[in-house]
Amino acid sequence: MEKYEDVVGIDVSKLTIDAHLYKRGLHRLFSNTYKGYVALVKWTEQHLKEVGYFFCFEDTGHYSTNLAVFMSENAIDYIEENPLAIKRSSGIVRGKTDRLDAAMIARYAWIHKEELKNHVRQKQVQASTFLHKCLKFSL
């Protein structure tokens, strides 16, 4: 089992993704495109070079699908979590912004990392299998 020392919480919206490095307390905004995903990984590697980490984001359907596929294709550890589970764990939150949501997701993932860790690789396999089936079907 891999040892994680940090987590990147991501709030996914239609056009942008907000990323928050939990232990570093850093935040950055990226576009919700392939270029944005590459920039996200570069930014994360810049700050967490030799540290084991994983990404966590809410399953927002269409908006998060491309990010999940990108991470699966690049063998990046991630977990796509049910938004209701994250919301229930956070309690009452005053104010709501994408930046705060990314920090809340990172906090949730860090607190629950032992339970989530077991599902990281499984999610990658599921997403890759789904993508393979879709490509096979379209041919």
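# Cut-offs at work in a predicted fold

Guide: Leaving out residues up to four places away in sequence, His-20 touches Val-7, Val-8, Gly-9, Gly-25, Leu-26, His-27, Ala-102, Ala-103 and Ala-106. Touching, or contact, means heavy atoms within 4.5 Å. This is a predicted model, where local features need pLDDT of at least 70, side-chain atom pairs count only at pLDDT 80 or more, and totals for chains, interfaces and linings use all residues. Numbering starts from 1 along each chain as its sequence is written, and side-chain values use heavy atoms, with hydrogens and water left out.

Visitor: Why is His-20 called buried?

Guide: Buried means under 20% relative accessible area, exposed over 50%, partly exposed in between (1.4 Å probe, protein chains only). His-20 has 12%, so it is buried. The residue lies in strand 2. Helices (H or I, at least four residues) and strands (E, at least two) are DSSP runs, numbered from the N terminus.

Visitor: What lies 3.4 Å from a polar atom of the side chain of His-20?

Guide: The backbone oxygen of Leu-26. A polar contact needs N or O atoms within 3.5 Å, one able to donate a hydrogen and the other to accept it; residues adjacent in sequence count only if both atoms are side-chain atoms. At 3.4 Å, the His-20 and Leu-26 pair falls within that limit.

Visitor: What makes a set of residues a nonpolar core?

Guide: The members are buried Ala, Val, Leu, Ile, Met, Phe, Trp, Tyr and Cys residues joined through side-chain atoms within 4.5 Å. The largest such core here has 21 residues; Val-8, Ile-10, Leu-40, Phe-55, Phe-57 and Met-71 have the most contacts inside it. Strand 1 (6–12), strand 2 (16–21), helix 1 (34–47), strand 4 (53–58) and helix 2 (62–73) each supply at least two of its residues. Helix 2 gives the most, with four. Apart from this core lies another, of 11 residues, including Val-7, Ala-106, Tyr-108 and Ala-109.

Visitor: What makes both faces of strand 1 covered?

Guide: Asp-6, Val-8, Ile-10 and Val-12 are buried on one side, and Val-7, Gly-9 and Asp-11 on the other. Seven of the seven residues of strand 1 are buried. Strand 5 (residues 78–81) is covered on both faces too, by the burial of Tyr-78 and Glu-80 on one side and Ile-79 and Glu-81 on the other.

Visitor: How do you know that strand 1 and strand 4 pair?

Guide: Pairing requires that DSSP find at least two bridges. Strand 1 and strand 4 have five, in the parallel sense, so they pair. Val-7 has Phe-54 as its bridge partner in strand 4. Strand 1 also pairs with strand 2, antiparallel, over five bridges. There, Val-12 has Ile-17 as its partner. A hairpin through three residues joins strand 1 to strand 2.

Visitor: What makes a β-α-β unit right-handed, and which elements make one here?

Guide: With the strands pointing away from the viewer, the path from the first strand over the helix to the second must run clockwise. Strand 4, helix 2 and strand 5 make such a unit. Strand 4 and strand 5 pair in the parallel sense over four bridges, and Phe-55 has Tyr-78 as its bridge partner in strand 5.
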